[in-house]
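Please read them alongside the sequence and the coordinates.

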Amino acid sequence: MRIGELAARTGVSVRLLRYYEEQGLLEPRRPAGGQRRYDEDAPAVVRNIRALLGAGLSTSAIRDVLPCVNGDGAVAACMLEVLEQRLDLIDTQMLALGASRVAPAGIVAAARQETGTAAEPVPA
C-alpha cells in the first residue's frame, strides 16, 4: 500500500509516517519508481508505535522494542526490561512532583486562612 492509504487506514498523517520512517520505526519498500510501499501489516505496526508513544516511550526506545511486539500489540519478554525502566522513571517523577507540590499547597492553605476563605482541602 502507498503512504496515503496507510495514513487513511491509521488516521496518522503522511508527515508523521515519514517521521516514523526517519526514526527507523517503519520500513517501507522502495520499488524501482522510488515510491514508498508498505506491507499489509504496516497499519498494525503504526498502531503499536502509537501505543508505545502513548505509554511514554521515546522513539529510540520504541525502535529497540518494536521487534518484540507482535501484530496484535502483545509484547514479548524481550520488552519487559525497557517497560520496567519506564515504570521506574514514572514512579520517580511522581515522587518528585508530590514533593514539589507541598510548598504551593501550604501557601494556598495559608492564604485561605488569612482571607477567611473556606478551607477547602487542596486535592492531593
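1. A search of the whole structure, which is a predicted model, finds 1 aromatic pair (ring centres of Phe, Tyr or Trp, the last by its six-membered ring, within 6.5 Å; planes under 30 degrees apart are stacked, over 60 edge-to-face, the rest tilted). The ring centres of Tyr19 and Tyr20 lie 6.4 Å apart with planes at 55 degrees, so this pair is tilted.

2. Tyr19 has 34% relative accessibility and counts as partly exposed, whereas Tyr20, at 0%, counts as buried (buried is under 20% relative accessible area, exposed over 50%, partly exposed in between, with a 1.4 Å probe and protein chains only).

3. Leaving aside residues up to four places away in sequence, Leu52 touches Leu57, Ile62, Val65, Leu66, Val69 and Met79 (contact is heavy atoms within 4.5 Å).

4. Ile3, Leu6 and Ala7 are buried in α1. They cover an arc of only 100 degrees around the axis (taken from the directions from the helix axis to the C-beta atoms), which puts them on the same side of α1. Their cover includes α2 and α3. Just after α1, Gly11 takes a positive phi of about 75 degrees.

5. Residues are numbered from 1 along each chain as its sequence is written, and side-chain values use heavy atoms, without hydrogens and water. Local features need pLDDT of at least 70 and side-chain atom pairs count only at pLDDT 80 or more, while totals for chains, interfaces and linings use all residues.

How values were computed. Helix = DSSP H or I, 4+ residues; strand = E, 2+ residues; numbered from the N terminus.
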